[in-house]
Amino acid sequence: MNKEDALQIEVINYLRYQYPKALFFHVPNGGKRNVIEAVKFKRMGVLSGVPDILILNNNFPYSGLAIELKIKPNKPSKNQLEVMEKFEISGFRVNVCYDFDSTKKIIDEYLS
């Protein structure tokens, strides 16, 4: 398991334990896909660049929280930045987080 996957699991476990009534999920856009599967998913509406975790609880003035997880020195791709901008335009708070503590802080601020 790579470091980003481990961070993802740690954050989801925290959300499950600390905020069991929150509506959240991981968008499994990453990973290797064969060509047939990739074409099928694209035709079904999979959107490349969607942030890793979406929390759909609204918290005025936001309609939700989108979190992209990265391990330094990795940074969001151009495609991810474009999609995150669309989430912001749609009323979401969007954050890129590089470790558990900063992610936890953002989640706690948002859901508290």
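Trainee: In what order do the strands of the open sheet lie?

Mentor: In this predicted model, the open sheet has 4 strands in the order E1-E2-E3-E4, and the pairing is mixed. Strand E1 (24–26) and strand E4 (92–97) are the edge strands, for each pairs on one side only. From one strand to the next, the twist averages 15°.

Trainee: How many bridges join strand E2 to strand E3?

Mentor: Strand E2 (residues 53–55) and strand E3 (residues 64–69) run antiparallel and are joined by 3 bridges. Leu-54, for instance, has Ala-66 in E3 as its bridge partner.

Trainee: Which strands does helix H1 touch?

Mentor: Helix H1 (residues 3–18) packs on the sheet and touches E1, E2 and E3. The direction of H1 makes about 20° with that of E2.

Trainee: Which residues of H1 are buried, and why do they lie on the same side?

Mentor: An α-helix has 3.6 residues a turn, so residues three or four places apart point the same way. In H1, the buried residues are Leu-7, Gln-8, Val-11, Ile-12, Tyr-14 and Leu-15. They lie on the same side of H1 because they cover an arc of only 155° around the axis. Lys-3, Arg-16 and Tyr-17, on the other side of H1, are exposed.

Trainee: What covers the buried residues of H1?

Mentor: The cover includes E1, E2 and E3, together with helix H4 (100–111).

Trainee: Which residue caps the N-terminal end of H1?

Mentor: That residue is Asn-2, with a side-chain oxygen 3.0 Å from the backbone nitrogen of Glu-4.

Technical notes:
Residues numbered from 1 in each chain as written. Predicted model: local features only at pLDDT ≥ 70, side-chain atom pairs only at ≥ 80, totals over all residues. Heavy atoms only, no water. Pairing = 2+ DSSP bridges. Helix = DSSP H or I, 4+ residues; strand = E, 2+ residues; numbered from the N terminus. Axes fitted to C-alpha atoms, helices over the stretch in contact; angles between N-to-C directions. Contact = heavy atoms within 4.5 Å. Buried < 20%, exposed > 50% of the residue type's maximum accessible area, 1.4 Å probe, protein only. Arc of directions from axis to C-beta. Polar contact = N/O pair within 3.5 Å; in protein donor to acceptor, adjacent residues only side chain to side chain.
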